[in-house]
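Below are my notes on the contact between the chains and on the metal site. Please read them alongside the model.

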Amino acid sequence: MTEIPETPILDRAHQLRGYRMNKMAMGLSRPEGRAAFLADERAYLDRFDLTEEEITAVMSRDWRTMIGLGGNLFLILKISAVDPVRITEIGAHQVGMDHESFLRDRLGKKE
Amino acid sequence: MATIVGGLGTSHVPSIGAALDKGLRDTPEWKPFFDGYLPAREWVREQRPDVAVVVFNDHFNALFLDRVPTFAVGCAAEYHPVDEGWGPRAIPPFAGAADFSWHLVDHLVENRFDPEIIQEIRVDHGLQVPMELFWGRPADAWPVKVVPIFVNVLQYPIPLPIRLYELGQALGRAIESYDGDERFVVLGTGGLSHQLQGSRAGFLNPAADRRFLVDIAENPAELASWSRQKYVETFGGEGAEVIMWLVMRGALTPEVVVRHRHYFSPASMTGAGMIVLENA
Ligand SMILES: [Fe+2]
């Protein structure tokens, strides 16, 4: 099931690759995880055996790359609980559009 | 014997709960969405169901990728809201209907469905939001008990649409064979069109959503025959979860009456649909 373009859920190798990053994000479901992330983000990330590429993607809030490396949106979205960003901004970033154009052209929202 | 008073379908977008938490119910952006549920709220008040069987998915809040049940049935006495990252939402816990849950898992296994049995779990927006939409948020206790059915719609392989329809048929027979006088309502949740991941993010398909809200009543067998790929193509990567409505529909009779229907797009990034069905 990989023939639908631009839809990472159907790509198993891609999904499996994201396991450690997703586990890191799952840790943010608990107050202790969020406190550790806020106190020393790099030290928190170092607990999860991530690659430098994954660490850079997380620390720079590079949503497109996090998803591209197998991060699942529902999991990495938990980063927005400690460092707020709207889900539509995450969408726009993945598509490579500015936020206003994304709301207008993809979601059909009027100004 | 227990009775089925009807089936409810609804989206379960987390932003709906967040909008309620932030007091945005009556803002221009949200009012038309919430007002669309008022006739359904009235229907629920009139029907006064005792038990709601809620078919939904956890979004990596109570369950992680380490263990992924395709189907799971909650058999707990109580389900508390889970911490999704912002702390548990300030809504009352949901009382379970454990006696029926055990009857249901017996019935399912005897009919060759083999769900995971869960005796302790918290529930996320997938269950919370539909309950708030149809019952309103109570001050201290929900006026209905819940039986959660968890479906894996996130980690492929997800179940076939036809399998969910058959699960619904088994659920309907389980309710009808339950020795009690409770009134049951079945909730199918999730969808409609949306995609949150990849460069196709922001995909919406309002025409297909409106068609779905007709076909789920009139042509459920046709919808059950679709492939998973067709759901992903038509409703988006995350919108394919709308297959969970087939469980609700399968629990009803082949012919149904549509009491209420509502569509609003977009709620956050999602085409938001609602339907109220009764057995004909
Ligand atoms: Fe969902």
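**Notes on the interface and the iron site**

1. Chain A and chain B bury about 3300 Å² between them, and carbon and sulfur atoms give 61% of that area. Buried area here is the accessible area (1.4 Å probe) that two parts lose on being put together, summed over both. This is a predicted model, in which local features need pLDDT of at least 70 and side-chain atom pairs count only at pLDDT 80 or more, while totals for chains, interfaces and linings use all residues. Residues are numbered from 1 along each chain as its sequence is written, chains are lettered from A in the order in which they are written, and side-chain values use heavy atoms, without hydrogens and water.

2. Chain A brings 38 residues to the contact and chain B brings 35 residues (contact: heavy atoms within 4.5 Å).

3. Two salt bridges are counted between chain A and chain B (a side-chain nitrogen of Lys or Arg within 4 Å of a carboxyl oxygen of Asp or Glu). E29(B) forms a salt bridge with K109(A), with 2.8 Å between the closest N and O atoms.

4. The iron ion is coordinated by H12(B) through NE2, N57(B) through OD1, H59(B) through NE2 and E241(B) through OE, at 2.0 to 2.4 Å. Donors are N, O and S atoms within 2.8 Å of the metal (3.2 Å for Na, K and Ca); water is not among the atoms, so sites may look incomplete.

5. The sequence spacing of the iron donors is H-x44-N-x1-H-x181-E.
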